[in-house]
Amino acid sequence: MSTDEGVRVWLRRQGAEQIAHPGGTLYAHLCRVSARLAVLGCGSDVQAAGLTHAVYGTDGFDLALLDRADRAVLRDLVGPDAEELVYLYGACDRDRSWRELAQTGQVFDRFVGQVRTPDAAQLRSLVDLSIVNELDVIEHDPAVADRHGAYFRELFASWAPLASEQVIRDAQRVLRP
């Protein structure tokens, strides 16, 4: 069994197929995000993080499949770099981080109440994952685009210097006014 297949089996065992999410289930969303990251040329660690990005819960989806105290479980499944990205993604306090992210390069960790400064590669991976996640939600819940499309267009434009070029192009395509 490949690592990817093993992660998918683990996600199903954690109940991800039973959790409602725009576009069907959380499991389907996680799979779509990972696949889109692959199509957009993101590396295997970012793809693995995409497949597991909501494992610790997120600022926008407050349901965890794994307690943060058990990070070693996910690290063993996807590797240390992908797990660190999943943690950073889940920990990110969006209200306190997203608007200024391109200027500060800092993420407010909502789990521990501290600011973190990821290196340039981690920051790019975080931004790419964040954009691709939101694009999937927008495509599967048109009401999100109606309510927040202008916000995401502005936010993602501000993130363009941090993000992969192909991810920004995809965002521009999806968020066309």
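This is a predicted model: local features need pLDDT of at least 70, side-chain atom pairs count only at pLDDT 80 or more; totals for chains, interfaces and linings use all residues.

**Helix packing and buried faces**

Let me begin with a pair of helices: helix α5, residues 80-91, packs with helix α8, residues 120-140, at an angle of about 60 degrees, their axes being 10 Å apart. Axes here are lines fitted to C-alpha atoms, for helices over the stretch in contact, and angles run from 0 to 180 degrees between N-to-C directions. That angle makes α5 oblique to α8; angles under 35 degrees count as roughly parallel, over 145 as roughly antiparallel, 65 to 115 as roughly perpendicular and the rest as oblique. Helices (H or I, at least four residues) and strands (E, at least two) are DSSP runs, numbered from the N terminus.

Residues are numbered from 1 along each chain as its sequence is written, and side-chain values use heavy atoms, with hydrogens and water left out.

Which residues make the contact of α5 with α8? From α5 they are E84, L85, L88 and Y89, and from α8 they are Q122, S125, L126, L129, S130 and N133, contact meaning heavy atoms within 4.5 Å.

S130, in helix α8, deserves a separate word. S130 is buried, with a relative accessible area of 3%; buried means under 20% relative accessible area, exposed over 50%, and partly exposed in between (1.4 Å probe, protein chains only). Leaving aside residues up to four places away in sequence, S130 touches Y89, W98 and W159.

I turn now to helix α1, residues 3-13, whose buried residues are G6, V7, W10 and L11. Seen down the axis of α1, these fall within an arc of 140 degrees, so they line one face of the helix; the arc is that of the directions from the helix axis to the C-beta atoms. They pack against α2 (26-39), α3 (44-52) and α4 (71-78). Just after α1, G15 takes a positive phi of about 95 degrees.

What of α4? Its buried residues are R71, L74 and V78. Viewed down the axis of α4, they fall within an arc of 65 degrees, so they too line one face of their helix. Their cover includes α1, α3 and α5. Just after α4, G79 has a positive phi of about 100 degrees.
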